[in-house]
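Hi everyone, thanks for coming.

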Amino acid sequence: MTESYLSRIGGLIRDARRHKELTQAELAVLLGTSQSAVARIEQGKQNLSLEMIARIGEKLDSEIVQVSSGVPQNLRIEGGVKLSGEIDVRTSKNAAVALLCASLLNKGRTTLRNLARIEEVNRITEVLTSIGFKIRWLPDSSDLEIVPPERIDLGAMDETAARRTRTIIMFLGPLMHEFETFELPYAGGCDLGTRTVEPHMIALRHFGMDVTATTGTYHVSVDTAQWPTRPIVLTERGDTVTENVLLAAARHPGTTVIRNASSNYMVQDLCVFLQQLGVRIEGLGTTTLTVTGVEQIDQDIEYSPSEDPIEAMSLLAAAVVTGSEITIQRVPIEFMEIELAVLDTMGFQCELSPEYTSANGHTRLVDLRTIPGPLKAPLDKIHPLPFPGLNIDNLPFFAIIAACAQGSTLIHDWVYENRAIYLTELTTLGAKVHLMDPHRVMIEGPTKWRAGEIMCPPALRPGGGILLAMLAAPGSSVLRNVYVINRGYEELATRLNALGARIQTFRDI
Ligand SMILES: CC(=O)N[C@H]1[C@@H](OP(=O)(O)OP(=O)(O)OC[C@H]2O[C@@H](n3ccc(=O)[nH]c3=O)[C@H](O)[C@@H]2O)O[C@H](CO)[C@@H](O)[C@@H]1O
Ligand SMILES: C=C(OP(=O)(O)O)C(=O)O
């Protein structure tokens, strides 16, 4: 970089730092560098990598010095290294997005404590900010404060951000209380094949909502005189559809009964949050939820979502593929029990601490110490079910674990049309993965992992699984364009590095 360019960037960094009311020394702590290095950066006397600029932008929450998100982030992994130490499971992406949508119901201030700082959260905060919400990360924390506007301006919505996430569909439930007609862009998210939103539409019709879809936009009208007169039976026990109906029912002053409801982790978090806002919900943790809403919600509320079972499973898989002993702290055990039971049949061993409670006051947590040892393929196929069942999002992690086990494992992803296909990328790293049809893969282990270069598939969990397999492969692997992983994991590379992994982030110019 030329000197004038460096000093311009230095000036921008200084301004953004002052705006955040940080001293040079405080910024240095956030960046893991010295105060004198920050001083040199601000004076334009320090050469800066794009990675460092991106990091500074992140710490200062400043668009000015953020490297354009159009520049893909890649990872270089020096694999074949054992991991050791302790790591905390962060709070879940899927509860975070549901709670962000729930903040649309509240006229008061919502503070979400210890939220994962992930791209999916960034996209929803961009959408909420664009329609008038005042949102900020509280200093020195991962607490997000959300203050609603007097009037939501849907016309100003940041459509680019909205289209990058499936969560936008969960604006339907809350917004029906604000507008009789409105429009929303189509939901995005992981590319997992056709992913219907029909169950949402069918369920919300009970609240007088009618949705027509034309060229990328949902046109919504709400007949405010219509309310559920009989139980809403969901056509699928889906997580986000259950949440959407909960969000609609939360401000309906009558009683709504939801049958075939998901009782998965993110739904439970949303229920506990809504209960704290005065919504009466019976049946938490079951498939029948009885909700008595309140017409107006105007309350300053603080809430801490629970830890992410999928991240817990990912970290467990990291330990297995690298043959490492690590302690995974804050594992939401209720949502890992079936996974652990299946792993037990494969010979996986671990030690669990006594249970303790998550900051949401509800979810049961344990610390889990992995004990390395040989694994064998399970006798039965591995297939997911709605909770309580083996979580669909954990299949890619079972795939890499199966690749380490002796024998053949059949993995059946009946849910998503595309996700199993992405697992064939593991063959580049030496795994024997046979695609039997778009939903089933047969994996033969054990694998002699080898390093390779892979373009990250456009799906979070398969992408995460490939990254973890690279940890096992001796030599230098490259995983390109990892935005999709950053959608759901906070600083995964940095946190794995704290366990001894060697992952470097770099960007294409
Ligand atoms: C933001 C969020 O919370 N995302 C999760 C949520 O997405 P979400 O709730 O949006 O999941 P979908 O509604 O897309 O359901 C996933 C797939 O399962 C099928 N299906 C689901 C339930 C059922 O009883 N029968 C059935 O066939 C659907 O048709 C669809 O193909 O749940 C998915 C399935 O657990 C997870 O992968 C996502 O991480
Ligand atoms: C499929 C997932 O996410 P989303 O529903 O946000 O696409 C996931 O979390 O694995």
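Here's one to start with: are Phe335 and Phe387 buried or exposed? Keep in mind that we're looking at a predicted model. The answer is that Phe335 is buried, and Phe387 is buried as well.

Now to the ring pairs. The count comes to six aromatic pairs. Take Tyr265 and Phe335: their ring centres are 5.9 Å apart and their planes stand at 65 degrees, so this pair is edge-to-face. Tyr265 belongs to helix α11, residues 265-276, while Phe335 sits in the loop between β14 (325-332) and α13 (337-345), so the pair ties together parts 70 residues apart in sequence. Tyr265 and Phe335 are both buried.

Phe335 has another partner, Phe387. For these two, the centres lie 4.9 Å apart with the planes at 45 degrees, so we call the pair tilted. Phe387 is in the loop between β17 (364-371) and α14 (395-404), so here the parts tied together are 52 residues apart in sequence. Put together, ring pairs link Tyr265, Phe335 and Phe387 into a cluster.

Some rings have a charged neighbour instead. Arg117 lies over the face of Trp137, 4.1 Å from the ring centre. Likewise, Arg164 has its charged end over the ring of Tyr483, at 4.2 Å from the centre.

Trp414, in the loop between β18 (407-412) and α15 (419-422), counts as partly exposed because its relative accessibility is 41%. Along with Leu385 and Val415, Trp414 forms a nonpolar surface patch, and together they have about 260 Å² of accessible area. Thanks, everyone!

Technical notes. Residues are numbered from 1 along each chain as its sequence is written. Chains are lettered from A and ligands numbered from 1 in the order in which they are written. This is a predicted model: local features need pLDDT of at least 70, side-chain atom pairs count only at pLDDT 80 or more; totals for chains, interfaces and linings use all residues. Side-chain values use heavy atoms; hydrogens and water are left out. Patches are made of residues with over 30% relative accessible area and no salt bridge: like charges are joined within 9 Å, nonpolar side chains (Val, Leu, Ile, Met, Phe, Trp, Tyr) within 5 Å. Accessible areas come from the Shrake-Rupley method with a 1.4 Å probe; for residues, only the protein chains shown count as cover. A salt bridge is a side-chain nitrogen of Lys or Arg within 4 Å of a carboxyl oxygen of Asp or Glu. Helices (H or I, at least four residues) and strands (E, at least two) are DSSP runs, numbered from the N terminus. Buried means under 20% relative accessible area, exposed over 50%, partly exposed in between (1.4 Å probe, protein chains only). Rings of Phe, Tyr and Trp (its six-membered ring) pair if their centres lie within 6.5 Å; planes under 30 degrees apart count as stacked, over 60 as edge-to-face and the rest as tilted. A charge sits over a ring if NZ of Lys or CZ of Arg is within 6 Å of the ring centre and within 35 degrees of the ring normal.
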